[in-house]
Amino acid sequence: MSSLVQSVDWVAIAPPTIAAATALIVLVTDLFVAENRKPLLGAISITGLVASLLALIPLYEHKRRTFCLTTDPAACSYTVDRFAFAIQVLVLAGALLTALLSLTPTAEKKLPAGEYWFLLLSSASGAALLPASRDLATLVVALEVASLPAFALVGLKRGDARSSEAALKFFLSSVTATAVMLLGISFIYATTGTLYLNRIADAQIDPQLETLTQAGVVLTLVGFAFKTAAVPFHFWVPDTYVGAPLPIAAYLSVVGKAVGFSGLILVTVMAFPAYADVWGPAIAVLAALTMTVGNVAALRQIATRSHSAVRLLAWSSVAQAGYLLVPIAAAAYTSDDEVGATVGYALMYAVVNLGAFAVVALVSRTNPENRISDYRGLYATRPLAALAMAFFLLCLAGLPPGIIGLFAKVTVFQAAVDARLGWLAVIMAANVVIALYYYLQWTAALFRAPEGEATKHRAPTAITAAIALAAAAAVVLSGVPELVLRYASVTLF
């Protein structure tokens, strides 16, 4: 009897495999390493993530498929194309910056090193697997591999009631969304008889099952809408970000969001193009609601409130999710190439948002309450950190010198106009103006005269490195924004 599966392409699956193997190495090593040598686990983790990124180099120019049916070579469970490559770079680089931010708290024993590094690497391996998944079963497995460790990471601050509460909210809401998504997938399988995305797209549906298929499409989108923090599935975000360790809040805001958008793009553009009339208007409405609710909530944050800095970034991430949804909605009305604007915007957002969280992690060492008011006069004590934070905020706002943020917003706006979604373009323009207020207000606070005597403290090397890497990447992207946007504008699938 011949095998139903072709031989494995180890080069194609190397990036997530290396991350997963490193997680197992860390787990075993933790059993034999003395307490005073736990920082070794962080070094192993960073080495593994760097190796995963290097493993992407052979995949840059060549499309690879593996785990394909011998009866139908076009039906594959794993495909590395331009889209998968771009998202894998994003999630693995995001995990690497998160690891740099995590070195200090794990070394200071604020977080249990062994468990922390194992969970982070496990989640990163699932996040790297998801964009290359080309069947619904692999997609769900990758989504849960990325999500389940994240629940534990959020609640890893032992003895902190806020952390435990955040983990519980995140877990319960995520499990509910996953259950709804699985119900939708079961409907899709029942009506199409397949789980492969390309086969679903080509399936001939019995007219009597059309309503069931449409219900399956909508329910499947719900799970990914939750992961992207789209309104009304966003309610977990502020409390989860505040309760989680700061590196994990940064990780969820970038890598977690990338996972959700990757899955959303795959199921809409690749699996359900025939139902663009169903998911197109739905995602357009979600985009409008998400950017509006996120910006209005961010606008209402009180600078002197405890943890207001993290809350503002949380609501900002919700608003940014709304912008990221716009090109996906536009793809329903024009062509699949519109999703390139989402990929380009996501790459910009990842760099600057991780950089902003890195500065927040630095400030929190001397100001545990992490209020926006604590950033007043930051330039007097940490001029380079203040300049970096100002640059990150201007990129998020889409203002010069944050050219990459400006170009990304213009590209998303153009996608809405090209799709003749004029009403959505108007709402986006209004929201960009609203966001200017709170981004510029925070930026201005960095350069005001400090209240009281300014004191300087030594910044941990790892956090400084994370800020420097994010700032350097943002400056490079702002210098040549057309490189990212041109790459994202070509055919991704």
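Helix α3 (residues 82–107) packs against helix α10 (residues 246–271) at an angle of about 165°, with their axes 9 Å apart. The model is predicted. Angles over 145 degrees count as roughly antiparallel, and α3 and α10 are therefore roughly antiparallel to each other. Their crossing is left-handed. On the α3 side, the contact is made by Phe 83, Ile 87, Leu 90, Val 91, Gly 94, Ala 95, Thr 98, Leu 101, Ser 102 and Pro 105. On the α10 side, the contact is made by Pro 247, Ala 250, Tyr 251, Val 254, Val 255, Ala 258, Ser 262, Ile 265 and Leu 266. By class, the residues of this contact are 15 nonpolar and 4 polar, with no charged residue.

Helix α1 (residues 14–32) and helix α2 (residues 39–54) pack at about 170°, and their axes lie 8 Å apart. That angle makes α1 roughly antiparallel to α2. Helix α1 contributes Pro 15, Ile 18, Ala 19, Thr 22, Ile 25, Val 26, Thr 29 and Asp 30 to the contact. Helix α2 contributes Leu 41, Ile 44, Ser 45, Gly 48, Ala 51 and Ser 52. The contact of α1 with α2 has 8 nonpolar, 5 polar and 1 charged residues. Asp 30 of α1 is part of this contact.

Rolling a probe the size of a water molecule over the atoms shows where empty space is left. The largest pocket holds about 660 Å³ of space. It is lined by 24 residues, and Val 89, Leu 90, Ala 93, Leu 347 and Val 351 are the closest to its centre. Two or more lining residues come from each of α3, α13 (339–364), α18 (461–479) and α19 (481–489). Helix α3 provides the largest share, 8 residues. The lining of the largest pocket comprises 23 nonpolar residues and 1 polar residue, with no charged residue.

Helices α3, α9 (237–243), α10 and α13 each supply at least two lining residues. Helix α3 again gives the most, here with 3 residues. By class, this lining has 13 nonpolar, 4 polar and 6 charged residues. The lining of the largest pocket, by contrast, has no charged residue.

The structure holds 4 cavities of 30 Å³ or more. The largest cavity has a volume of about 130 Å³. Ser 123, Ala 146, Ser 147, Ala 150, Phe 170, Lys 227 and Trp 236 are among its lining residues. Tyr 251, Leu 252, Val 255, Gly 256 and Val 259 also line this cavity. Helices α5 (136–154) and α10 each supply at least two residues of the lining. The largest share, 5 residues, comes from α10. The lining of the largest cavity has 8 nonpolar, 3 polar and 1 charged residues.

How values were computed
Residues numbered from 1 in each chain as written. Predicted model: local features only at pLDDT ≥ 70, side-chain atom pairs only at ≥ 80, totals over all residues. Heavy atoms only, no water. Axes fitted to C-alpha atoms, helices over the stretch in contact; angles between N-to-C directions. Helix = DSSP H or I, 4+ residues; strand = E, 2+ residues; numbered from the N terminus. Parallel < 35°, antiparallel > 145°, perpendicular 65-115°, else oblique. Left-handed = near helix turned anticlockwise from the far one by under 90°. Contact = heavy atoms within 4.5 Å. Nonpolar A, V, L, I, M, F, W, Y, C, P; charged D, E, K, R; others polar. 1 Å grid on protein atoms, 1.4 Å probe; cavity = no way out; pocket = protein on both sides within 12 Å on 5 of 7 lines; lining within 4 Å. Points joined across faces, edges and corners; volume = space filled by probe spheres on them.
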